[in-house]
Amino acid sequence: MLNPHGDAQFMAAALALSERGRGQTGANPNVGCVIVKNGMVIGRGWTQPGGRPHAEEMALAQAGPSAKGADIYVTMEPCAHESSRGPTCSNAIIDAKPKRVIVATLDADERTRRRGIDRLGDAGIPVSVGIREPEARRAMAGFLSRVEKQRPFVTLKLAMSLDGCIAMADGTSQWITGERARAHAHLERARSDAILVGAGTAKADRPGLDVRLDGLTDRSPQPVLLGNDPDMPAHWLQIAEPEAIAGLADINWLMIEGGAQTAASFLRAGLVDRLLLYRAPIIIGGGMPGIADIGLEKLGDAHGHWQRIDQREYGQDMLEIYEHAA
C-alpha cells in the first residue's frame with residue numbers, strides 16, 4: 001500500500017546515498033537504495049566505484065534475511081539484463097521476498113527499461129514508480145545523458161568578478177573567489193568523472209585539475225584537453241572538438257573549467273547542461289571575460305534557455321546554479 005509521506009522520506013534517503021557514487025561509477029548509474037522494515041532502515045547501498053556492486057546488491061547484503069517482508073526503495077529501476085560482472089538486481093530482489101518495491105524512475109537502458117519492474121510484478125511483488133522522479137533524474141543525470149543523448153552531462157564552471165571577468169587583463173586569476181567557494185568547486189570536481197580545459201588555459205596555467213580536499217584526494221577526475229598539445233602528460237585525454245565528448249568512454253559527468261573560448265565553443269554547440277557561476281564581490285574592469293562570443297545575433301534569442309535551480313553563499317561569494325531549460 002502506497003504511503004506518500006513515508007515513501008517520499010525514504011526515497012530522499014536513497015537519493016542522498018546515490019550522491020556518494022557520483023563521478024565514480026563508470027558507465028553505470030549512481031543508484032541509491034534503502035531497505036525499510038517496521039519503519040526502520042535495515043539496509044543501505046549505493047553503486048560502488050567502477051559500477052559494482054550495485055546499490056540493491058549492497059543493501060540486500062546488509063539487510064540479510066530481514067529483507068523478507070520489507071520495503072525496498074531504489075532510485076532507478078532494478079536491472080534485468082544478465083552481466084558477467086555481478087547478479088541481476090531484479091532477480092536478487094525476488095529472491096529476498098520483499099513486501100513491495102518503490103522506484104523513483106525507470107531505467108533509460110533499453111536492456112532493462114520496464115523489464116525490471118515487469119519481472120518483479122510477475123513474481124507477485126507490488127511495484128510503485130515515480131516517487132521523487134525529478135530529483136532522481138537530476139541525481140543520475142550523467143547516466144541518463146549518456147544513454148539518451150550519447151554524451152556526458154556537462155557542467156560549465158565559472159569563477160567571476162561582478163563585472164563578468166575571470167582574470168585580470170594580464171591573465172592573473174589567483175584568486176578571484178575566496179577559500180570557501182574554492183573548496184566547494186573542489187567538491188564539484190570530486191563529483192565529476194572528468195574535467196576539461198582548453199589548450200590556451202592548459203598552456204598558460206598547466207593546471208593539475210586534482211581534488212585538494214582532505215579525504216577526497218583519491219577522487220581526482222580524469223583531465224581532458226580541448227585541442228592538441230604534445231607536451232601534456234600522457235594521462236591527459238585530448239579531443240579536437242566539443243562534439244568529441246561523445247567518445248569519452250565511461251564518463252557520465254564532465255566539468256568544464258576554462259577558458260573563455262572553450263566555454264563559448266561548448267555553448268555554441270548546445271552541449272552545456274548546467275552552469276556553476278561563482279561570483280566574487282569585486283570589480284576588475286577591463287579584465288578577461290568569462291565567455292567569448294557565442295554567435296548571438298539578437299538579444300531576444302538569449303532568453304528562455306536557462307533556469308536558476310539554486311543559490312548559495314560561501315563567505316562573501318555567491319554561487320548560482322542554472323540548468324538548461326527543457
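Predicted model: local features only at pLDDT ≥ 70, side-chain atom pairs only at ≥ 80, totals over all residues.

I started with Asn38, which counts as exposed because its relative accessibility is 77%, over the 50% cut-off. I put Asn38 in the loop between β1 (32-37) and β2.

I found Asp250 in the loop between β10 (237-239) and β11. It is exposed, with a relative accessible area of 51%.

Next I looked up the peptide bond between Arg52 and Pro53, and it is cis, with omega at about -5 degrees. Pro53 lies in the loop between β2 (40-46) and α2 (55-63). I noted these because most residues other than glycine have a negative phi, and most peptide bonds are trans.

**Aromatic pairs**

How many aromatic pairs does a search of the whole structure find? I got two. In one of them, Phe10 and Tyr73 have ring centres 5.5 Å apart and planes at 40 degrees, so I logged the pair as tilted. The pair links distant parts of the chain: Phe10 belongs to helix α1 (residues 4-18) and Tyr73 to strand β3 (residues 71-76), 63 residues apart. I checked burial as well: Phe10 is buried at 16% relative accessible area, and Tyr73 is buried at 2%.

Phe153 and Trp253 also form a pair, this one edge-to-face, with 5.5 Å centre to centre and 65 degrees between the planes. This pair too links distant parts of the chain, from Phe153 in strand β6 (residues 153-160) to Trp253 in strand β11 (residues 253-258), 100 residues apart. I have both Phe153 and Trp253 down as buried.

**Charges over rings**

I came back to Trp253 and found Arg22 over its face, 3.7 Å from the ring centre. I wrote down Arg182 as well: its charged end sits over the ring of Trp175, 4.4 Å from the centre.

**Surface patch**

Which residues make the nonpolar surface patch of about 230 Å²? I listed Ile291, Ile294 and Leu296. I traced Ile294 to the loop between β13 (288-289) and β14 (306-314). Ile294 counts as partly exposed because its relative accessibility is 38%.

Methods
Residues numbered from 1 in each chain as written. Heavy atoms only, no water. Patch = residues over 30% accessible without salt bridge, like charges linked within 9 Å, V, L, I, M, F, W, Y side chains within 5 Å. Areas by Shrake-Rupley, 256 points an atom, 1.4 Å probe, with all protein chains shown as cover. Salt bridge = Lys/Arg side-chain N within 4 Å of Asp/Glu carboxyl O. Helix = DSSP H or I, 4+ residues; strand = E, 2+ residues; numbered from the N terminus. Buried < 20%, exposed > 50% of the residue type's maximum accessible area, 1.4 Å probe, protein only. Phe/Tyr/Trp six-rings, centres within 6.5 Å; stacked < 30°, edge-to-face > 60°. Lys NZ or Arg CZ within 6 Å of the ring centre and 35° of its normal.
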